[in-house]
Amino acid sequence: MQKVLVTGGSGFVGWNLCNRLLQSGLDVYATNNGCGNVLPENVKKINKNYFGLNLDNYSFNCVFHTSAINDTQSNDLKGFNEVNVKDTAYIFEKCYKNGCRKFIYSSSTAVYGHSNPPYIEDETKLDPLTFYALSKTNMELYADTFKNQKKDALVVGLRYCNVYGFGEFHKGKRASMIHQFIINKIFDRQTNIFKDGEQKREWVFVDDVVEANFLASNSSESTIYNVGSGECVSFNYLVDLIGLSNNIKYVECPFKGTFQNFTSSSIDKIVYNLGYKPKNSLSFNVFELEKKLRSYFYV
């Protein structure tokens, strides 16, 4: 049985990925910081302690690296560098030394910043606007250096668009706007939206992100892919789709210089190379997610 490591296993993407890998009959290990989702009992946990993460005695066939500080508006440059860059280097180097030759890591379309969409992996200029985006850019640069040094290793980066789905409860204000909109609807809360609500986002369902990771682990080449859906809609569209029209307040954006007003990515490369295909439409996923969240909260 193949043994795999998921870093950030209790996180949003990591937790959903662990469940998918278990269904595929893999022996799943996951790093766990004690926060977030509760891992299934048959996932073997590797906990961080006071001294950090110790992978000395572990050997894996594949590493899925999803752990990160993902607060896009944090100014903790040191924290971003320690976790998103230095931890990546430690995990890759240690696991490679112990025999691993497959590394799939999570990045973000935040690295494109204000570059004109649709973003194309090998053409669009990187323009990180926040410390978060800068740390993801630096992580990609490290991964590229690692790939060039370790010729026998498969290293695939996945730049996620805005991910939404089940398993975001622990994220608070960092949760996707779709998750926040649905929660506000369920509990009849006011929803604040930056003026004028016509900012556009490309959304990707977490199940599709998980499938992209699985496909990437069977890739024949080291490269980087956008992971999106091809569906780019405004916040106002989501308000109408979810049914929030009666409880909306439009507010000024407090970080206009670092806010991406329009995100959209080409997914041609991952579709052509890996056979990736989003399973369902945005509207279908949103309606199903609301039903699942209502069932979870018994409302």
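Trainee: What should I know before reading the model?

Mentor: It is a predicted model, in which local features need pLDDT of at least 70 and side-chain atom pairs count only at pLDDT 80 or more, while totals for chains, interfaces and linings use all residues. Residues are numbered from 1 along each chain as its sequence is written, and side-chain values use heavy atoms, with hydrogens and water left out.

Trainee: Which order do the strands of the open sheet have?

Mentor: In general, strands of a sheet pair through backbone hydrogen bonds, either parallel or antiparallel. Here helices (H or I, at least four residues) and strands (E, at least two) are DSSP runs, numbered from the N terminus, and two strands pair if DSSP finds at least two bridges between them. This open sheet has 3 strands in the order E7-E9-E11, with mixed pairing. Strand E7 (162-164) and strand E11 (232-234) are the edges, each pairing on one side only. From one strand to the next, the twist averages 50 degrees. Angles run from 0 to 180 degrees between N-to-C directions, with axes as lines fitted to C-alpha atoms, for helices over the stretch in contact.

Trainee: In which sense do E7 and strand E9 pair?

Mentor: E7 and E9 (residues 200-205) are parallel, over 3 bridges. Asn162 has Trp203 of E9 as its bridge partner.

Trainee: Which elements of the sheet does helix H6 touch?

Mentor: Contact means heavy atoms within 4.5 Å. Helix H6 (residues 235-242) packs on the sheet by touching E9 and E11, and its direction makes about 85 degrees with that of E11. Helix H8 (residues 282-297) lies across E7, E9 and E11, at about 40 degrees to E7.

Trainee: How many residues of H4 are buried?

Mentor: An α-helix has 3.6 residues a turn, so residues three or four places apart point the same way. Buried means under 20% relative accessible area, exposed over 50%, and partly exposed in between (1.4 Å probe, protein chains only). H4 (residues 177-186) is mostly covered, with 7 of its 10 residues buried. Among them are Ile178, Phe181, Ile182 and Asn184. The buried residues pack against E7, strand E8 (191-194), E9, H6 and H8. After H4 comes Asp188, with a positive phi near 55 degrees.

Trainee: Why does Asn184 count as buried?

Mentor: Asn184 counts as buried because its relative accessibility is 13%. Leaving out residues up to four places away in sequence, Asn184 touches Arg189, Gln190, Thr191 and Leu244. Leu244 is 60 residues from Asn184 in sequence, with 8.3 Å between their C-alpha atoms.

Trainee: What volume does the largest cavity have?

Mentor: On a 1 Å grid over the protein atoms alone, a cavity is a set of points where a 1.4 Å probe fits but cannot get out; a pocket is an open set with protein on both sides within 12 Å along at least five of seven lines; lining residues have an atom within 4 Å of a point. Grid points are joined across faces, edges and corners, and a volume is the space filled by probe spheres set on the points. The largest cavity has about 40 Å³. Its lining includes Tyr164, Trp203, Asp208 and Asn285, and E9 gives the largest share, 3 residues.

Trainee: Which residues lie nearest the centre of the second largest pocket?

Mentor: They are Asn16, Phe205, Val206, Asp207 and Lys292, out of 19 lining residues. The second largest pocket holds about 420 Å³ of space.
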